[in-house]
Amino acid sequence: MINKKIRINQPVIDEMEIEEVSKVLRTGMLTTWHGSGEKVSEFERSFASYIGVEYAIAVNSGTAALHTALAACGIGHGDEVIIPAMTFVATANVVLIQGAKPVFVDVDPETLCMDPEKFQNAITENTKAVIPVHVYGCSAEMDAIMDIAEDKGLIVIEDAAQAHGTLYKDKKTGSIGHMGCFSFFASKNMTTGEGGIITTNDAEYARRCRLFRTHGQEEAHMAVMPGLNYRMTEFEAAIGLVQLSKLDKLNAIRARNAEILSKYLKNIPSIITPTFPSYIKPSHYVYTIRVRGGPKKSRDALQKYLVENGIEAAIYWPNPVHLHPLYMGLYGYQRGSLPVSEEASDEVLSLPVHPKVSIDDLHYIVEKIVEFFAGDF
Ligand SMILES: Cc1ncc(COP(=O)(O)O)c(C=O)c1O
């Protein structure tokens, strides 16, 4: 019987968050009809300053952030939005919900983020926007993506749900495209429980995002555009402020943990450890290896072995989004349509590197992986 339980991700919540939430609860002001209460506004200012943009608009999930960004720039029926197939299904669903068509493209084999050339080749006269996704805390190749988008007049919405504090050529992810979207789901590098935020330097996009998150109302009961209730609560913003103040410190622990895993895992022949272009400083949301162990020592067998031994190794994602039944049915995608993403989905395995993973835990993870492949090398 294994007592150990190393979770794939775990929030770091201490007395500071509890105290700040309690203070908000005691005021009795838990939220506002417009979503711009005192704590939410303070959180927005702090997050915008951290990312290095003019505006941030807090909402109640990363999905809501993506949906709001699309609505703010008028994506709708007849439009195509290019997205990488290696992402969480939310990136595609928000496009579909807006009445537009998600067009999936393949990814770069090293970073598993969108391949700029594949993006360029997928552009048609109906393409209106592109959503590069910064997976596992890495960054997409933003210079190339921005050049292509600018040339074709396309809107760039960064999906930075997994990339809080990631640097691309010294710029924070979420500050490079026209808008950036973050998630504060409990598994993320910083959390508000559920939550999200849009970052932008464009005053008009910011205004429309604010309207969309509260039923399109400029004044109460005076809607000027369609919208939904995507407001963040005051106590979630209070958690966010504390979490943001700890983010860089916690990301540094993730980086150290990732370095330790790489040191010990990089010589195992059946494993490819993650590498990053020199100009990207990842935030290490998870540590994702690729397993090429053959049928007997497959990725799935390794995952099972680790889970049985109390290590919550996880697969992000077992199916690239174009192979979800929804998108195969709608657009006729099949296995073979996007081979780099499909091969990656068969091989990736994410290991925990969050700040609550101790050095002993890291050695235990390595020990179990070595044990699994014992005799192979
Ligand atoms: C890449 C990506 N995009 C979007 C989302 C959606 O964020 P949320 O779960 O906060 O709605 C996630 C969340 O897991 C994600 O990983």
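This tour moves through a predicted model, one selection at a time.

**Stop 1. The two domains**

Begin by colouring residues 15-243 as domain 1 and residues 248-373 as domain 2. Their centres, taken over C-alpha atoms, are 25 Å apart. Domain 1 brings 39 residues to the contact, and domain 2 brings 35 residues.

Next, display the surface between them. Domain 1 and domain 2 bury about 3100 Å² between them, and 60% of that area lies on carbon and sulfur atoms.

Polar contacts, however, join 21 residue pairs between the two domains, with both residues at pLDDT 80 or more.

Select helix H4 (90-97), strand E3 (101-105) and strand E6 (167-168); each supplies at least two residues of the side of domain 1 that touches domain 2. Strand E3 gives the most to that side, with 5 residues. By residue type, the side of domain 1 that touches domain 2 divides into 21 nonpolar, 11 polar and 7 charged residues.

**Stop 2. Backbone details**

Most residues other than glycine have a negative phi, and most peptide bonds are trans.

Is tyrosine 136 buried or exposed? With a relative accessible area of 8%, tyrosine 136 is buried, because the limit for a buried residue is under 20%.

Move to histidine 215, in the loop between helix H7 (203-212) and strand E10 (217-219). The phi of histidine 215 is also positive, near 60°. Histidine 215 counts as partly exposed, at 37% relative accessibility.

Then select tyrosine 316 and tryptophan 317. A cis peptide bond joins tyrosine 316 and tryptophan 317, with omega about 5°. Tryptophan 317 is in the loop between helix H9 (299-308) and helix H10 (325-331).

**Stop 3. Buried residues in two helices**

Select helix H11, residues 339-347, and show its side chains. Ser341, Glu342, Ala344, Ser345 and Glu347 are the buried residues of this helix. What covers them includes strand E3, strand E14 (287-291), helix H9 and strand E15 (348-351).

Turn to leucine 265, which is found in helix H8, residues 234-265. Leucine 265 is buried, with a relative accessible area of 0%. Which residues does leucine 265 touch, not counting residues up to four places away in sequence? They are Ile271, Thr273, Tyr287, Ile289, Leu351, Val366 and Ile369.

For a sense of distance, draw a line from the C-alpha atom of leucine 265 to that of lysine 171. The two atoms are separated by 30 Å, and the residues are 94 residues apart along the chain.

**Stop 4. Salt bridges**

Side chains of opposite charge can pair when their charged atoms come close. By the rule used here, the count comes to 20 salt bridges.

Select glutamate 44 and arginine 213, whose side chains meet in a salt bridge at 2.8 Å, N to O. This pair links distant parts of the chain, 169 residues apart: glutamate 44 is in helix H2 (residues 38-51), and arginine 213 is in the loop between H7 and E10. Glutamate 44 counts as buried at 5% relative accessibility, and arginine 213 is buried at 0%.

Two further pairs each lie within one helix:

- Arginine 207 and glutamate 204 form a salt bridge at 3.1 Å, N to O. Both lie in helix H7, 3 residues apart, about one turn of the helix. Arginine 207 is partly exposed at 35%, and glutamate 204 is partly exposed at 38%.
- Lysine 304 and glutamate 308 form a salt bridge at 3.1 Å, N to O. Both lie in helix H9, 4 residues apart, about one turn of the helix. Lysine 304 is exposed at 53%, whereas glutamate 308 is partly exposed at 45%.

Definitions and conventions. Residues numbered from 1 in each chain as written. Predicted model: local features only at pLDDT ≥ 70, side-chain atom pairs only at ≥ 80, totals over all residues. Heavy atoms only, no water. Domains from an automatic or database assignment. Contact = heavy atoms within 4.5 Å. Buried area = accessible area lost by both parts, 1.4 Å probe. Polar contact = N/O pair within 3.5 Å; in protein donor to acceptor, adjacent residues only side chain to side chain. Nonpolar A, V, L, I, M, F, W, Y, C, P; charged D, E, K, R; others polar. Buried < 20%, exposed > 50% of the residue type's maximum accessible area, 1.4 Å probe, protein only. Salt bridge = Lys/Arg side-chain N within 4 Å of Asp/Glu carboxyl O.
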